[in-house]
Each structure stands twice: as C-alpha cells, then as structure tokens.
Amino acid sequence: MIKKVTVKTIQKYKDNNEKFSVLTAYDYSTAKYIDEAGIDIILIGDSLAMVALGYETTHSVGVEEMAIFTKAVAKGAQRAMVVTDMPFLSYHTDISSAVKNCGEMVKFGANGLKIEGYSDYIISVIKRLVESGIPVMGHLGFTPQFLNTLGGYRIQGKTQEAAEEILKQAKELEKAGVFSIVLEMVPQDSAKYITENLSVPTISCGAGKYCDAQVLVSDDVFGKFSEFKPKFARKYGDMKALIYSCAKQFNDDVKSGKFPSNEEIF
Ligand code: KIV
C-alpha cells in the first residue's frame, strides 16, 4: 500500500535534514504523473489564475474555481500531500467564512491549505483552522495576493532588519500551528537565517538553496507557460513545443487525409 505524505512526514524531513519537493498541478493526469515521480506535496496554487485560466493576476480566481481544480488533483495524487492555495479574499473578511471556505477544499480532497501573509487577523484564522483539524502552510516574503500593497513584484527581506521582520512573522505563524512556510522572492542569505531559526520547514519559491524544500509552478518546469519565466524557475522540458508539434501534425494529417488510417477505424 502507498504511504501518504502527511504533516508528520514533512516535519520528519526537516528534523532529519532531508530536502523535499513541492510542485503545482491543476488537473488529474498531471497530478497523477508528478505523484508517481515522487513529488512530496502537490500544490493547487492560485497561480492557476494565470497559467490555467489566462487571468492577469491571482486576484481573479475564486473559491468555486479552486474547488474544481482541487477535486481533479486530489483524485490523481495517491502518495503526495495535496495542498490548496486559498484565493484572494476567501479568508480575509471574517473567521467563520474563512473556516467555511477552507473546509470546502478539505471536503473536495485537500489535505491542507496555504494562506498568504501575516497579521493578527491571519494568525487568528490559522489558529482556528488548525483547531478544526486543517493543516496550514504559511506564505511570507513576496505574497502575490498583496501585489498592490507591496507595490509590484519586489524582492522581500533584503536587509538584516527586513529579514528579522520576516523571521518574527514566521515565528508567529509557527506558534499559530502552521506545518510549513513558503518564502517567496527572499534573498538566499536571509532565507537561510530564517530557516535556521525555525522548527517548521521552509519552502523556497525563489529563496535559494538553504530552505528545507523547493517549490515551482509546474508549467514553468514543463516549459508550457511561455508568457513569463521567473528568474528562479528552471525549465526541464519544452511542453509548449511538444503541444504545438503534436497539434500541427494532427492538423496536417487531417487536412491531407492521412488521419485516420485503416488501423484507426471500425
Ligand atoms: O500560486 C502558486 O503557485 C504559489 C507557489 C508557487 C508558491 O503560491
């Protein structure tokens, strides 16, 4: 029987100084293949707003859309822990609607949720979710849902003082019960300092090699999304070219009468 990755597995990785991997997925078959490849956490990131739905920012995606993608990914993932990113304004208005929206994702198959940012209110949301039996992944540094108040895509935690501030926030998240924290677009040295001073694992999203884990958007890794490639992402394939080539050959074969062949008919 396949042993599912849980919050306990994730903490063990940190305690044993073992790295783990996090990759986004938005559909059943991708989740199935990356699960089989050994990815430890599959994140239904709100990055799907851009890469799967064609929106400009993550702000446009809602709870209903995240729920559909969560259902599909949860069906494909047997070993990996499935974590859903809670979308913009789905947990910000009041605690009871936050718990309701987050609880929906768990009903649809998520094993945990990701919540961006830090404030007294966010701490109280995290506490209530954890009390309700919902594992929470925090997200500090650059937090895309706060794009407008942060003034654009900016590196966070550049100075010692700024790194101390992120560490202070991370420690509060840790106290509230998060099982891991994404650090996005934080300089490597700052992320190292933060990681070394926390008990829960950190997950780097452009925060260098000293975090306990690494996360990337799968469309960047597969070379599928070509409109923008973050500096910290690594492209391992050229799915855009593959899709283009397969579609082009099919188009040519249909139009020249080469498809279907005698083996492809009843
Ligand atoms: O939305 C997303 O995909 C994310 C990760 C890249 C951390 O938040």
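A polar side-chain atom of Lys-114 lies 3.1 Å from an oxygen atom of the ligand, a polar contact being a pair of N or O atoms within 3.5 Å. The protein covers 94% of the 260 Å² of accessible area that the ligand has on its own, with areas taken from the Shrake-Rupley method and a 1.4 Å probe.

The model is a predicted one, in which local features need pLDDT of at least 70 and side-chain atom pairs count only at pLDDT 80 or more, whereas totals for chains, interfaces and linings use all residues. Residues are numbered from 1 along each chain as its sequence is written, and side-chain values use heavy atoms, with hydrogens and water left out.

## The shell around the ligand

Besides Ser-47, Asp-85 and Lys-114, the residues that surround the ligand include Thr-24, Leu-43, Gly-45, Asp-46, His-139, Cys-205 and Val-217, where a residue is near if one of its heavy atoms lies within 4 Å. By class, this shell holds three nonpolar, four polar and three charged residues; Ala, Val, Leu, Ile, Met, Phe, Trp, Tyr, Cys and Pro count as nonpolar, Asp, Glu, Lys and Arg as charged, and the others, Gly among them, as polar.

## The largest pocket

The ligand sits in the largest pocket, in the sense that more than half of its atoms lie within 2 Å of the grid points of that pocket. A pocket is an open set of points on a 1 Å grid over the protein atoms alone, where a 1.4 Å probe fits and protein lies on both sides within 12 Å along at least five of seven lines, and its lining residues have an atom within 4 Å of a point. Tyr-153, Glu-184, Phe-228, Pro-230 and Phe-232 are the closest to its centre among the 36 lining residues.

Two or more lining residues come from each of helix 3 (48–51), strand 4 (112–116), strand 6 (180–184) and strand 8 (213–216). The lining divides into 20 nonpolar, seven polar and nine charged residues.

## The second largest pocket

The second largest pocket holds about 380 Å³ of space, and of its 20 lining residues Gln-214, Val-215, Leu-216, Arg-234 and Tyr-236 lie nearest its centre. Strand 1 gives the largest share of this lining, four residues, and the lining comprises 13 nonpolar, five polar and two charged residues.

Technical notes. Polar contact = N/O pair within 3.5 Å; in protein donor to acceptor, adjacent residues only side chain to side chain. Points joined across faces, edges and corners; volume = space filled by probe spheres on them.
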